[in-house]
There are 2 protein chains.
Amino acid sequence: MIKVVLLGTGSVSKHLFAAIQSSSNARIVQVFGRSETGLISYKENSTTTSDPNKIKDADIYIIAVSDDSINFVCQLLKDKNGLVVHTSGSMDISTLLPVKRKGVFYPLQTFSKNRSLDLQEVPFCLETELPEDYPLLEQLAKEISSTTYLVNSEQRKQLHLAAVYANNFTNHFYFLAENICKDAELPFAILQPLILESAKKLEQITPFDAQTGPARRGDKKSLKSLSNLIQDTLQKDIFADITKSIERTYDQKL
Amino acid sequence: MIKVVLLGTGSVSKHLFAAIQSSSNARIVQVFGRSETGLISYKENSTTTSDPNKIKDADIYIIAVSDDSINFVCQLLKDKNGLVVHTSGSMDISTLLPVKRKGVFYPLQTFSKNRSLDLQEVPFCLETELPEDYPLLEQLAKEISSTTYLVNSEQRKQLHLAAVYANNFTNHFYFLAENICKDAELPFAILQPLILESAKKLEQITPFDAQTGPARRGDKKSLKSLSNLIQDTLQKDIFADITKSIERTYDQKL
């Protein structure tokens, strides 16, 4: 049984808690949170504490807090002998400087309130400073997910950038598309099958081959009349630049 | 039984052909194509012709050709009494000027070679110049799809722009994300669950609420270190502008 102490009470913490508590070979022995309020929802299924001096001994300490707080929280663990991991996509493993055994346990997914998620489907990006710590971390990850990857800190930074494109930026475009629908008095539901298919088709074809639309076809006339529909200067710039980026992609490669 | 003549042999034509031929109350009585080669795959299940003078009579003529060719093809139908519709997201209904009864039959979806698609799930955006033609077009659409919308030409232009954001631009970001993965020697598969979840979560929450990431949090430090990873000037501009657009969205609204 892998004993885990979970530090932090946000969205990632909640998902990890549920998954680990229902796994066969790992158990959260304690949840640490800086405020008592955050701990309420955990009390029923685990021991909790907000006292840094009462953090239990464990095999693995998972720090699931915002990037800015990792440094503070890992100070509390500097005397512990267990493996200490953070869950951030963007922070280097060296952020955990004061602790003895360092690692990263990064679930590559977008976590929202009010949206349940099966961690089995979520890729876990793992890294440990000491090679001998890797099997333990991988064992924990495999308890809750079907896919794990060894990703070092340099790769993880790149991956985080890729995730910003693949999730944050695309979501903002969904938002812009929704606004356009609203202005045209059309329900957003009309776009949802298109959005879902755009994501799903990547199971079969590469994004390069999946590209469609006027910029891909080099259809200047359509592009001009689409761009004319946009009033806002910033949105006009974005439209022009992405169009340029698509055109360039296919000019270079075809 | 609604008799349909299909004009054009591209990707949209192929999908419509399969769906209509397997419907209960509509039938393609002929496929017209300007080249014999394009018609080969249709011969087994329908009559075909490449002779403009031999186009049969039908209740509905569906012009499924590229935007630039609609004008040419509808000239061939100017003496027909049936309803003539095009399938384009961007062309006004008036493009069909020479024909007597005009309409639009626009499936809002991304069609790729080598990717089958269930038209049942595809929203059909319908428009007819004469209100009395609408029921017939709607009846045809309902034979092959579970969702139909009345969308006029003005709305359709806006919708096309929304679709460019929701599909073309997001797909380009998948492509950029894939490139970043390649450079980091990581498989694109690592991003696919994230991409799928980003699309799926819109079934439950709005894009406004679904937004996550450093720009949403106003996390300047992360944004700077992400931007530093980008070398290309155009990509740097796109990154900065979309970041600005996200920041602005949450400043204005929160």
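This is a predicted model: local features need pLDDT of at least 70, side-chain atom pairs count only at pLDDT 80 or more; totals for chains, interfaces and linings use all residues.
The size of an interface is often given as the accessible area lost when the parts come together. Between chain A and chain B about 8,900 Å² is buried, and 65% of that area lies on carbon and sulfur atoms. In terms of residues, 91 of chain A are in contact with 91 of chain B.

Polar interactions also cross this interface: 29 residue pairs, both members at pLDDT 80 or more, are in polar contact between chain A and chain B. The elements of chain A that each give two or more residues to the side touching chain B are the helices H3 (67-75), H5 (153-183), H6 (192-200), H7 (207-210), H9 (220-227) and H10 (233-253). Of these, H5(A) supplies the largest share, with 25 residues. The make-up by class of the side of chain A that touches chain B is set out below.

| Class | Residues of chain A on the side touching chain B |
|---|---|
| Nonpolar | 48 residues |
| Polar | 25 residues |

As for charged pairs, two salt bridges are found across the interface of chain A and chain B. Arg248(B) forms a salt bridge with Asp232(A), in which the closest N and O atoms are 3.2 Å apart.

How values were computed
Residues are numbered from 1 along each chain as its sequence is written. Chains are lettered from A and ligands numbered from 1 in the order in which they are written. Side-chain values use heavy atoms; hydrogens and water are left out. Contact means heavy atoms within 4.5 Å. Buried area is the accessible area (1.4 Å probe) that two parts lose on being put together, summed over both. A salt bridge is a side-chain nitrogen of Lys or Arg within 4 Å of a carboxyl oxygen of Asp or Glu. A polar contact is a pair of N or O atoms within 3.5 Å; within protein, one must be able to donate a hydrogen and the other to accept it, and residues adjacent in sequence count only if both atoms are side-chain atoms. Helices (H or I, at least four residues) and strands (E, at least two) are DSSP runs, numbered from the N terminus. Ala, Val, Leu, Ile, Met, Phe, Trp, Tyr, Cys and Pro count as nonpolar, Asp, Glu, Lys and Arg as charged, and the others, Gly among them, as polar.
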